[in-house]
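Please look through the sequence and the coordinates below before reading on.

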Amino acid sequence: MSTAVPPVIPVSSVQSVESQPPVASPAFLSFVSRLNESLRNGLSQRRPWAELVDRSAFSKPESFSDALVRVRKNYSYFRVNYLSVIGLILAFSLLSHPFSLLVLLGLLCSWIFLYLFRPADQPLVLFGRTFSDRETLGFLIIFSVFVVFLTTVGSLLISALMVGVGLVCAHGAFRAPEDLFLDEQEQVSTGFLSFLGGAATNAAVAAAPAVAARV
């Protein structure tokens, strides 16, 4: 008498695939940490605001060349203060135009979430189509050109920068720098936008591993 073999229930072996986060967390956190550290170090070098607006130090320059000398010396001394003023003017301009602010934030988030800090082993899938890294980069470049040159964002940023630079030049030309003292080491690091250059360098270092993984 043959014994009945119990039926075998087929079990499909499904490997649980752990969903990847939309952003590479370690690289993104390192980027934010480096940027925050650079901004803190830069702002710690600002001069007292009372010294910037000291009314007794203002006088009319004797000539155009004298005004240029004053602007150069004052920029070397009040570099961080001047860049802070320009940043505040940019921020006020964007806050007064919410649409431009949202478009600019959308562009920034697109670069961060879709390319710079997206895991290299996780392709971009939109509307059921998979996009390669080259296609994603091309789309972001076209989108950036469209936002900057074909919307009000570009003109708004340029206008705010011109107002900020004009205000800085006017202050530098009429503020007598005779009472300002700079160390030789400070005079060496007075290149244009050197304060923001340090922050950009640190940010690029933090983003380099995520970008190199796509090359």
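Is Phe-149 buried or exposed? In this predicted model, Phe-149 has a relative accessible area of 64%. Exposed means over 50%, so Phe-149 counts as exposed. The residue is found in helix α6, which covers residues 133-150. Phe-149 also belongs to a nonpolar patch on the surface, together with Ile-141, Val-145, Phe-146, Val-148 and Leu-150. The accessible area of the patch is about 600 Å². In soluble globular proteins, nonpolar side chains tend to be buried together.

The protein has nine helices and two strands, and along the sequence they follow the pattern α-α-α-α-α-β-β-α-α-α-α. Of its 215 residues, 29% count as buried. The accessible surface comes to about 14,700 Å², with 69% of it belonging to carbon and sulfur atoms. Among contacts with a separation of 6 or more, 85% are between residues 24 or more positions apart.

The largest nonpolar core is made of eight residues: Leu-52, Tyr-75, Tyr-77, Phe-78, Tyr-82, Ile-86, Val-168 and Leu-180. Helices α3 (64-77) and α4 (79-95) each supply at least two residues of this core. Beyond its neighbours within four places in sequence, Ile-86 is in contact with Leu-161, Gly-164, Val-165 and Val-168.

The mean pLDDT is 77, and 70% of the residues reach 70 or more. Over residues 12-21 the pLDDT is below 50, and this stretch has four contacts beyond near neighbours in sequence. Residues 187-193 also stay under 50, with eleven contacts beyond four places in sequence. Where pLDDT is low, the predicted coordinates should not be read in detail.

How values were computed: Residues numbered from 1 in each chain as written. Predicted model: local features only at pLDDT ≥ 70, side-chain atom pairs only at ≥ 80, totals over all residues. Heavy atoms only, no water. Patch = residues over 30% accessible without salt bridge, like charges linked within 9 Å, V, L, I, M, F, W, Y side chains within 5 Å. Areas by Shrake-Rupley, 256 points an atom, 1.4 Å probe, with all protein chains shown as cover. Salt bridge = Lys/Arg side-chain N within 4 Å of Asp/Glu carboxyl O. Helix = DSSP H or I, 4+ residues; strand = E, 2+ residues; numbered from the N terminus. Buried < 20%, exposed > 50% of the residue type's maximum accessible area, 1.4 Å probe, protein only. Core = buried A, V, L, I, M, F, W, Y, C linked by side-chain atoms within 4.5 Å. Contact = heavy atoms within 4.5 Å. pLDDT = per-residue confidence, 0-100.
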